[in-house]
Amino acid sequence: MSVSSISGTPQTYETTTATATAAAKEAQQKDTAEKSTAAEKNTSKDVVYEKSNTTKKDSANQIYNRDSIISKLKADQKSRADSMRGLVQKLLSKQAGKFNIANQNLSTIFGEAAKNADPETIKKAQEDISEDGYWGVNKTSDRLVSMAIALSGGDTGKADEMMAAIQKGYDKATAAWGKDLPDISKRTLEATKQKMEDWKNGKTTAQDYADYLS
């Protein structure tokens, strides 16, 4: 055996070993990369799954909130109508009382208030229920319309609801009065209804009643 053949054996072994080591390292790196990719895919799936659950939860909350909002709107609607009815009843009752005092000669029809009124009070009541007076048809109906607009939030879509409440308020005032309200109150009701129709149909705006909205 020659020296050269003996000396070549370790070189061949070292080359083979290095090749095997490199192959093993490459295989390990590939395996690690595949596991990393698989983990990313699983993570992605988890994210989608979580997102789906969140969406369902949000949808459930939206449904719950929607029901809550509907209930609140119904309560608001009742409160709005009740408030309007009470305001109409109060204002028309006061107007009728002023009419009662102003027409002291009709005290046998309208009660005892006029009998006990002094001349100055009677004169003031007569001014109040005049055409341009504070309790006259025009200004009283203006106040009622301004209140209706305020309670509706300026939404003409609620005009019919407000008009129904105004009629109920008038009926309540009539019942409290114990007899038909004076003609001035009837004319005030009709004027209020007409002004509400005009507002509903865009012929007037809330600005037309701004003096009473402050």
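Six helices and zero strands: that is the secondary structure of this protein. If you read along the sequence, the pattern is α-α-α-α-α-α. Please keep in mind that this is a predicted model. The protein has 214 residues, and buried residues make up 26% of them. Now take the contacts with a separation of 6 or more: 71% of these are between residues 24 or more positions apart.

Let's go to the nonpolar core. The largest one has 28 residues, and those with the most contacts inside it are Met84, Leu92 and Met196. Which helices supply at least two residues each to this core? They are α1, which spans 3-102, α4, α5, which spans 159-177, and α6.

Leaving out residues up to four places away in sequence, Met196 touches Val145, Ala148, Ala159, Met162, Met163 and Ile166.

Let's start with α4, residues 137-152, and α6, residues 183-200. They pack at an angle of about 45°, and their axes are 8 Å apart. So how do we describe the pair? The angle makes α4 and α6 oblique to each other, and the crossing of α4 past α6 is right-handed. On the α4 side, the residues that meet α6 are Val137, Asn138, Thr140, Ser141, Asp142, Leu144, Val145, Ala148, Ile149 and Ser152. On the α6 side we have Ile184, Arg187, Thr188, Ala191, Thr192, Lys195, Met196 and Trp199. Sorted by class, this contact of α4 with α6 has nine nonpolar, six polar and three charged residues.

Next up, α5 and α6. What are the angle and the distance between the axes of α5 and α6? The angle is about 175°, and the axes are 10 Å apart. An angle over 145 degrees counts as roughly antiparallel, so α5 and α6 are roughly antiparallel to each other. From α5, the contact is made by Ala159, Asp160, Met162, Met163, Ile166, Gln167 and Tyr170. From α6, the contact is made by Ser185, Lys186, Leu189, Thr192, Lys193, Met196, Glu197, Trp199 and Lys200. By class, the contact of α5 with α6 has eight nonpolar, three polar and five charged residues.

Now the loop between α4 and α5, where you will find Lys158. Setting aside neighbours within four places in sequence, Lys158 is in contact with Arg80 and Ser152. Lys158 and Lys200 are 42 residues apart along the chain, while their C-alpha atoms are separated by 8.5 Å.

Arg85 is found in helix α1. With 28% relative accessibility, Arg85 counts as partly exposed. What does Arg85 touch, not counting residues up to four places away in sequence? The list is Ala165, Lys168, Gly169 and Lys172. Of these, look at Lys168: Arg85 and Lys168 are 83 residues apart in sequence, with 6.0 Å from C-alpha to C-alpha.

Gly169 is in helix α5, and its relative accessibility is 0%, so Gly169 counts as buried. Again not counting residues up to four places away in sequence, Gly169 touches Arg85, Val88 and Gln89. Have a look at Leu87 as well: Gly169 and Leu87 are 82 residues apart in sequence and 7.3 Å apart in space, C-alpha to C-alpha.

How does Ala175 count, buried or exposed? At 61% relative accessibility, Ala175 counts as exposed. From Ala175 to Gln89 there are 86 residues in sequence and 9.7 Å in space, C-alpha to C-alpha.

That's my tour, and I'm happy to go back to any of the helices on screen. Thanks, everyone!

Methods
Residues numbered from 1 in each chain as written. Predicted model: local features only at pLDDT ≥ 70, side-chain atom pairs only at ≥ 80, totals over all residues. Heavy atoms only, no water. Axes fitted to C-alpha atoms, helices over the stretch in contact; angles between N-to-C directions. Helix = DSSP H or I, 4+ residues; strand = E, 2+ residues; numbered from the N terminus. Parallel < 35°, antiparallel > 145°, perpendicular 65-115°, else oblique. Left-handed = near helix turned anticlockwise from the far one by under 90°. Contact = heavy atoms within 4.5 Å. Nonpolar A, V, L, I, M, F, W, Y, C, P; charged D, E, K, R; others polar. Core = buried A, V, L, I, M, F, W, Y, C linked by side-chain atoms within 4.5 Å. Buried < 20%, exposed > 50% of the residue type's maximum accessible area, 1.4 Å probe, protein only.
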